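Welcome! Please take a moment with the sequence and the model below, and then we can walk through them together.

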2 protein chains.
Amino acid sequence: METSNLKKAGLKVTLPRMKILEILETSETRHLSAEAIYRELLDSGEEIGLATVYRVLTQFEAAGLVCRLHLEGNQAVFELERGGHHDHIVCNQCGRVEEFFDETIERRQRDVAQHHGFAIKDHALVLYGDCVDSACPHRPA
Amino acid sequence: METSNLKKAGLKVTLPRMKILEILETSETRHLSAEAIYRELLDSGEEIGLATVYRVLTQFEAAGLVCRLHLEGNQAVFELERGGHHDHIVCNQCGRVEEFFDETIERRQRDVAQHHGFAIKDHALVLYGDCVDSACPHRPA
DNA sequence: AATAGAAATGAGAATCTTAATCATCTGAGC
DNA sequence: GCTCAGATGATTAAGATTCTCATTTCTATT
């Protein structure tokens, strides 16, 4: 558990923050909603309020420790920032989220923005499709 | 005003639907929130409820008459479907929305998805940056 | 043009996600 | 251990969107 990240971000090392960080680090699902993290906390017997989960996640985002993603659906999901930028593919059937990075797309985005007179600062790219892997529980028979 | 579009979609031709379609067709801003459309209706003296605006826009979306976009910010915006698919660039300063289409990005997205075992169905791509045009009222001096 | 039936509307309530409030509690340094 | 700034939690609030249901409006038919 990297408590040093918290200190670096100017955040006190508290139990809620450590527990939330731990869940983000150890959950096999890398993209978790605030609600999902809250439920995991409850399940492991922690008495941490939902408001704290939202507050802490927002602070983590500001500190660059996590990324907030708005996938289709009503609630945002959070993922631990592991260094490299990447975009996402989401399975319409099973909801599985895969990460990818494509330099061609990245470069092209910069070019397009420039042509339109924009200095690009950020982008949001999410692909939606159907898993054709055996991994997807909903794949067509 | 294309009332035939409504009929084709199996929607009764009613005053609220025609008025909302008219606003989408004639507004100089091509990307409007439900709230913004509602305000335009009120300004032109129409007695149309906000619930109806949301309902009608959702139906229009299902019928393929409009697209719903989730730009950063809390509310979705709607744009009239004019045939061609495109993505968007948004100015962080003035909120201006530009449309673009780039075949290289489109193709690359399909390739990436395929490599990850997905049959891509849809995607959401939004670039965020700062206008460097004289058009942007907030451009750096 | 009057009418009936189905569909659409409007006002407000409800829902859902997220943020704000504020009194109480806790961690870091002394 | 003590102090106090900062953090927490329970609740309330806010904003966007959807739902409910009684009333109204189209469309097709007399």
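Three helices each supply at least two residues of the surface near DNA strand C: helix 4 (50–62) of chain A, and helix 2 (15–26) and helix 4 (50–62) of chain B. Helix 4 of chain B gives the most to this surface, with four residues. Please keep in mind that this is a predicted model.

Who sits around the strand? There are 19 residues around DNA strand C, and Y54(A), T14(B), E47(B), T52(B) and R55(B) come nearest.

| Residue and its atom | Atom of DNA strand C | Distance |
|---|---|---|
| Q75(A), polar side-chain atom | phosphate oxygen | 3.2 Å |
| E47(B), polar backbone atom | phosphate oxygen | 2.6 Å |
| R55(B), polar side-chain atom | base nitrogen | 2.8 Å |

Q75(A) also leads us to another part of chain A. Leaving out residues up to four places away in sequence, S33(A) touches Q75(A), A76(A) and V77(A). S33(A) itself lies in strand 1 (residues 32–33) of chain A. Is S33(A) buried or exposed? S33(A) counts as buried because its relative accessibility is 8%, and buried means under 20%. A polar atom of the S33(A) side chain lies 3.0 Å from the backbone nitrogen of A36(A).

How values were computed: Residues are numbered from 1 along each chain as its sequence is written. Chains are lettered from A and ligands numbered from 1 in the order in which they are written. This is a predicted model: local features need pLDDT of at least 70, side-chain atom pairs count only at pLDDT 80 or more; totals for chains, interfaces and linings use all residues. Side-chain values use heavy atoms; hydrogens and water are left out. A residue is near a molecule or strand if one of its heavy atoms lies within 4 Å of it. A polar contact is a pair of N or O atoms within 3.5 Å; within protein, one must be able to donate a hydrogen and the other to accept it, and residues adjacent in sequence count only if both atoms are side-chain atoms. Buried means under 20% relative accessible area, exposed over 50%, partly exposed in between (1.4 Å probe, protein chains only). Contact means heavy atoms within 4.5 Å.
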